[in-house]
Amino acid sequence: GGPAEAAAAHSEFLTYGDTIDLFANEAKGFLTSSVDDPASLEVLVGPTDDIPLNFELCVFSLHPIESPQNTLEEDNPAASQVRPILYGDTVRIFHEYSERWLTSTHVMSRKHINCFLMALTDQIEGKLLTSTMFKIIPSKKLRRQGDRVRTIDQVLFLTCDAQYIYVNPEEVAALGANTRPSFEAMPDESRAVWTSVELSTCPKPCTWFLEVCDEGVGAEPTPEIRIREIVAFLHKEADAVLTSPPFSLDYDNGLPQVAMVEAGPFDGNQASPPADLNLCFMPVTDGHHTYDPARLTLSSNALWLIEHPARNRGGPVLPLQAYLLRHLSSHRYLTVDFGEDGSAKFVMSAEPNQMKGLFQLAPADTRSATKVSPSSYFQIQHSSGLWLHAVTSSGGQTGPVALTLSSTSIYGDALMVFRPAMNPKIILQTVEPNVRALYNFITHFRVSGGSLEALPELVKSANKALANLIMICTQSDDPDPLQRTGVPIRD
């Protein structure tokens, strides 16, 4: 993704309410939160003309602060949605995934002289009131204060302490990261290498492209499902959601691993379920259809992201368009592998695959013909022409429903696309960093041959992560994690 692609998909000027990514021009990298620490910021530098795998961590929005040149109330959502972004505006920068604000700090960089680290915060009051404010400055003399910011412009962000949001180009040059090829040019399942560099504030300027991911839609839910929105898929006939059971740890790279699932032949007939149901439809009701799907209590393993193949593209999800289906808990993509004998495997792939991982939502009724709205029905078709099929039984389902593929479209396989009732991002923001700390400890523990003495800091981090997880899962008021009782720990 680059400024040319962003400008082509959006109007010429930026407005408040747009979701954007911030691309450091000198460093050729994306501003993002850290995968391991949601409160930390970094810039990911990698293959030219590629975007990071966890691109949802790179999405931000700008929020206006009252200024003499624009007297609209900053807490007026309707006004801010159509308000243009102007040079000279003072703004706050909101991280959409963690729902936190960019802030400058007084923590000095250990790498660069006269630089201070930046972070994310959920507080914008008191001492942090001014440290979360940034003034938009033109980097070229052709632009001046009061002009509208365009999608092809390069801008500077100036703090209240007269420091610029900064990435050191010398640190980037030492990495040589831009010489690496993108994963599209590599064999399947090999990973593009991305390297993080430090984000700080500095007296030296650093220019940024503001690339539009999605046009402003306001704070309220939209009538249609949008790209990168968290959704679930409910099978109409089986009263079951598309899900995976808890996944095991891949010790080689410290990531969740979901095994391959046999899909069987493509004859469209009901076959016996495969023995290893790692991906399936899980019943969620008693079959009486007296429920509101949006209020169902779901496991996080039943949640999915719909992504555009470009992955930095936003907008509404449209019927009969190719998309990637990403499993939220494991961060992996649903793909299909084909065997020489005409069989297929569903594979949860660590990388998006433009050949094996594209699916479209085919309308199951006339109401779904023009848009994908909540509670509308669709059938999921793979780019090979095969259809996702649930192997239901005539006697009713009491357990997992096998997932397979069919060469023909079966109306009974219609899936309802709906928004879950809870906010799964809150769960992932609190649970995921602690789980990753445990993954890191287990990986190093195995390498060390089972010696805890060599891992004092990792042991401390693992104990803290375990205590945090117990406190989160039990929802108890007891301050001692070992004494807490409460909600059973399940998924």
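Reader: Quick one to start: how many helices and strands does the chain have?

Author: There are five helices and 28 strands in the chain. Keep in mind that this is a predicted model.

Reader: Okay. And how much of the chain counts as buried?

Author: Of its 491 residues, 50% count as buried.

Reader: What share of the contacts join residues at least 24 apart?

Author: That share is 70%, taken among contacts between residues at least 6 apart in sequence.

Reader: Let's go inside, then. Which residues touch the most other members of the largest nonpolar core?

Author: F157, V167 and W208 do, in a core of 36 residues. Leaving aside residues up to four places away in sequence, F157 touches L22, I93, F134, K135, I136, Q163, Y164, I165, W208 and L210.

Reader: And what lies apart from that core?

Author: Another core, this one of 32 residues, with I227, V317, V372 and F378 among them.

Reader: Switching to charges. How many salt bridges turn up in the whole structure?

Author: The search gives 10 salt bridges. As background, side chains of opposite charge can pair when their charged atoms come close.

Reader: Pick one for me. What does K111 pair with?

Author: K111 forms a salt bridge with E171, and their closest N and O atoms are 3.2 Å apart. K111 sits in the loop between β6 (100-108) and β7 (116-121) while E171 is in helix α3 (residues 169-175), so this pair ties together parts 60 residues apart in sequence.

Reader: Is K111 buried or exposed?

Author: K111 counts as exposed because its relative accessibility is 53%, and the cut-off for exposed is over 50%. E171, at 14% relative accessibility, counts as buried.

Reader: What about R419, which residue does R419 bridge to?

Author: R419 forms a salt bridge with E229, with 2.2 Å between the closest N and O atoms. The two are 190 residues apart: R419 is in the loop between β28 (415-418) and α4 (424-447), and E229 is in the loop between β13 (208-214) and β14 (230-235).

Reader: Why does R419 count as buried?

Author: Because R419 has a relative accessible area of 18%, and buried means under 20%. E229 is buried as well, with a relative accessible area of 18%.

Reader: Last one: where is T243?

Author: T243 is in strand β15 (residues 240-243), and T243 is buried, with a relative accessible area of 5%. The C-alpha atoms of T243 and F281 are separated by 5.9 Å, though the two residues are 38 apart along the chain.

Notes
Residues are numbered from 1 along each chain as its sequence is written. This is a predicted model: local features need pLDDT of at least 70, side-chain atom pairs count only at pLDDT 80 or more; totals for chains, interfaces and linings use all residues. Side-chain values use heavy atoms; hydrogens and water are left out. A nonpolar core is a set of buried Ala, Val, Leu, Ile, Met, Phe, Trp, Tyr and Cys residues joined through side-chain atoms within 4.5 Å. Buried means under 20% relative accessible area, exposed over 50%, partly exposed in between (1.4 Å probe, protein chains only). Contact means heavy atoms within 4.5 Å. A salt bridge is a side-chain nitrogen of Lys or Arg within 4 Å of a carboxyl oxygen of Asp or Glu. Helices (H or I, at least four residues) and strands (E, at least two) are DSSP runs, numbered from the N terminus.
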